[in-house]
Amino acid sequence: MMRGTPTTYRLPRLLRHQFHRLTPGTVMLAAIVLLASLLLALWPRLSASSTTAELRQELSSLSAGVRNPQAVSIDWMPTGPAPAGQDVALPAQVGDLYGLFAAATNRSAAAAGPPLSDLLGPARFRTTSRPGTVTDPPSGIGTMDVSLTVDPFAAEHLDIVEGKAPAPADPSLLDRVSQGEVDTARIPVLISRELSEQAGWGIGQTHLLRGDAPTKFLLVPTGIFEPSDASSGYWAMNPEAATPSIGFEPEHGTTISAQVLVDPTAPRTPALLYNGIRTHIWYPLELSGLTAATAPRLEDQLALFAGSERTFEVPEFSGPFPNTVSARFETTAPQKITEVLERTDAARQIMTMMVAGPLGIALATLVLAGRIVVERRRPTLALATARGASPLQLRSRLALEGLALGLPPAAVGVGAAAAIVPGPLDTAGWLLPLLLGLAPAAVLGLMPWTDRTGAAPARPATRMARQLRLATELFVLAAAAVACWLLVRADGARLGPALAPLLTITPLLLALLVCVLVLRVFPLPLAWLLRLRQRRPGLTGFLGPARAHRAPAGGMIPVLALLIGLSMATFSALTLSTLDHGIESTARTAIGADVRVGAAGFTADQVAAIADVPGVSAAAALNGAQRVEVEAGARQLSVRLISADSRQLGRAQAGYPGAVDPASLARLDATGQEGVPVIASASLGLSVGDTVDADIAGGTRITVTAVAPDATGLTADDRWILADSKRLEHASGTVLEPQTVLLHLDDGADAAGIGAHIASLPQLRDVGSLGVANPGERAAALRAAPTTAGLAAALVVLVAVSAVLSALAILLVAAGNAPARNRLLGLLRTLGFPARDDSRLLVWELGPLLAAAALGGIPLGVALPYLLNATVDLRPFTGGPASPVVVPDPVLLTLLFGGLLVVVLCSVVAAAVLARRQHPSTLLRIGD
């Protein structure tokens, strides 16, 4: 080793040396990297986790009958055992009959490719006859239609509670029936308990069923079953086997439509009734394997799977019918996945913008902490330079120290994120933390140490320096303007990979631009204050403004750090209040009243019973189930007809957004029009005074007396007309049964309690599809969605992290300025400056900094939600037809700024306490 050359450390020795000599500055550097890398690593994991949870929740909320891919074919299932080596999930007693077809369905699912092939369970299938009419229905039943069903899987999902399973039918029966050799045939069947009770049909009681053939079929129940789990998806795919469909027709009375099960080992039994059969095929969609990463591909695969006809080929089969089955599948899962991805994509975009806050503050505080570290190393660096060390050697040494301080905390942050939210490690989960882990090396390696900051008055900037500063500021202005223009031009659409980083970069550019403007403007009031204090006695009152004016607001980096923190906290509060107000408004518009009661239909007595519930001040029954054709000149419009008592409707919807204007409702009861007065939605393109023909009761003239917005609490349809029920009945003779009752409650009434009371009314016991809702419950359901709840939690965390990092920035500023402040205090102490005024100097040091950050940060935080609203479609969060407007919540903002004020005051007090720990003798030595 040459004399005069500093010792060269290998990396392991450097690590040991570094961690044995930790200083407050290095500890802060590592802590900042750890906290920021944890947040950056958690962000994509939380986004993926909430998306996965929302996908599974929303798809689970769909009935299996519409979620699972299903199809109906008119082809017979080829029968026979499965090919050798192919495992099929079939009950043992029917494996040799349906193995061939089960293998074909498995091949079709596998051909779809992952992830769809991994999420489709083994296919289920059954064969059902066309409904036949029972010629001797049970007493009290007007008409009864029954289908014969062969279901190989039914035995696994039912419990026989009476009797036994049906015996196999005679294999030769079908041929003998088709040849007319059988006059009467008995078919043993298994019926559900629900059918048995509703039809009064017991074991051994026969009923005559006719089909195409002249043969009479006697259906003989040998057993009665109950579903093992009535809520399982299996029975949702075959509802009429467990629960018959019951209706009422004025001409026939009570009607029943049901399916009965025959022995599955006789696959052609349904052909006894008619030549035509229906083969039902469906795949259970397993949601446990669905993830955010696979959802976009699954959406496309399901749309393709359901959008084209699929053919199941069974080349091994040779029999009396073709060896192929063709079917077109249907499922609503792709549409639901699209809805969820739109909502989660919007959440991801908001969270991408939110990342700008912690990232910007972390980078700024890293620079502040780096200054402290280099300041502590300054004597050693000066000595090494005097002994011949080159700047490259010293900067390399500092960069290695930065790597030792940055990479381990970044790795710990990534590992902690993986422990908090388990899941695969993707690029987004480690790239940003890695780059942040490299930042201390860049900060320490590039930090200047040749001048002693604060030891002497700053030299006036040269002309070239002033021009360079102006050019840099103009570049920041242009970059921020271009970034905002690109984001706004996207107009709420999904941002592509090229534009997505702009959501993070743009807030940082805007913060940098605002910081530049503040630093340009802020010296003006400081100069005025300095001139004012010059004419007044007292050293502190003059010295504080003088030091602040010499180095305005402490420089760009601390102002930028605090400005970003304040802007992100304000942005979070405004975004939270905007989303909450939008959800509340959407819920109130969708429900349309204090309580909404819906069902398949209500009688007048049932409506009266609802209106008589204590706490109900007004009840409006409305019908909106009928669609009618309206001839408007050359146009043929299909619209939803809504009828209600106009006076009661106005009272029930009073004060609700989307309610029909009371003046417009009053015109529905007016006289003198040619036709029935109606209010038309704006999308129909009709004008006030138009008289057109509507297909109501064979033809009724209607006159438009008012035009209203499409969005209303009366219907989800945007093409509608509203008529007064009494006027419509008088003009057309049509009495429409209401399906909805809107309620206005007394002041202070409990909507949830009244809803529960209504649901328990004995008059509504037999009402089908009864549902009671209120705006509070609807809003709570929207807020509870995983993505919405996760976003709200992320916004709260952003406020907390911004506050912590801002407090850390204040402490770092105070610590970074400590050497210059201590030198000044040492000099002043020799001149008799009292120690009690030390804290006042610190307040003057931090006060302008905080004022400058507030001057720029709060307005920027107010502006960012408007940029967000213009860039990201927030409708998926609220469920409304329009994006919510930015609405400040005074209570939330008061709590926010109150909390930030407490954090700032605590930070200033802590900095003052630390500053006063300097011993007077040390200050005197510093001043020598």
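## Salt bridges, surface and helix packing

The count of salt bridges comes to 15, a salt bridge being a side-chain nitrogen of Lys or Arg within 4 Å of a carboxyl oxygen of Asp or Glu. The model is predicted, so local features need pLDDT of at least 70 and side-chain atom pairs count only at pLDDT 80 or more, while totals for chains, interfaces and linings use all residues. Residues are numbered from 1 along each chain as its sequence is written, and side-chain values use heavy atoms, with hydrogens and water left out.

R193 forms a salt bridge with E162, with 3.8 Å between the closest N and O atoms. This pair links distant parts of the chain, 31 residues apart: R193 lies in helix α7 and E162 in strand β5. Helices (H or I, at least four residues) and strands (E, at least two) are DSSP runs, numbered from the N terminus.

The elements discussed here have these ranges:

| Element | Residues |
|---|---|
| Helix α2 | 24–61 |
| Strand β5 | 158–163 |
| Helix α7 | 193–199 |
| Helix α13 | 427–446 |
| Helix α25 | 786–816 |

L407, L425, W430, L431, L434, L435 and L438 make a nonpolar surface patch of about 570 Å². Helix α13 gives the most to this patch, with 5 residues, and L431 is placed in helix α13.

P114 and P115 are joined by a cis peptide bond with omega about 5°. P115 is in the loop between α4 (95–111) and α5 (116–119).

The axes of α2 and α25, lines fitted to C-alpha atoms over the stretch in contact, come within 10 Å and cross at roughly 175°. That makes α2 roughly antiparallel to α25, a term for angles over 145 degrees. Residues of this contact (heavy atoms within 4.5 Å) include I32 and L39 of α2 and V801 and L808 of α25.

Notes. Axes fitted to C-alpha atoms, helices over the stretch in contact; angles between N-to-C directions. Parallel < 35°, antiparallel > 145°, perpendicular 65-115°, else oblique. Patch = residues over 30% accessible without salt bridge, like charges linked within 9 Å, V, L, I, M, F, W, Y side chains within 5 Å. Areas by Shrake-Rupley, 256 points an atom, 1.4 Å probe, with all protein chains shown as cover.
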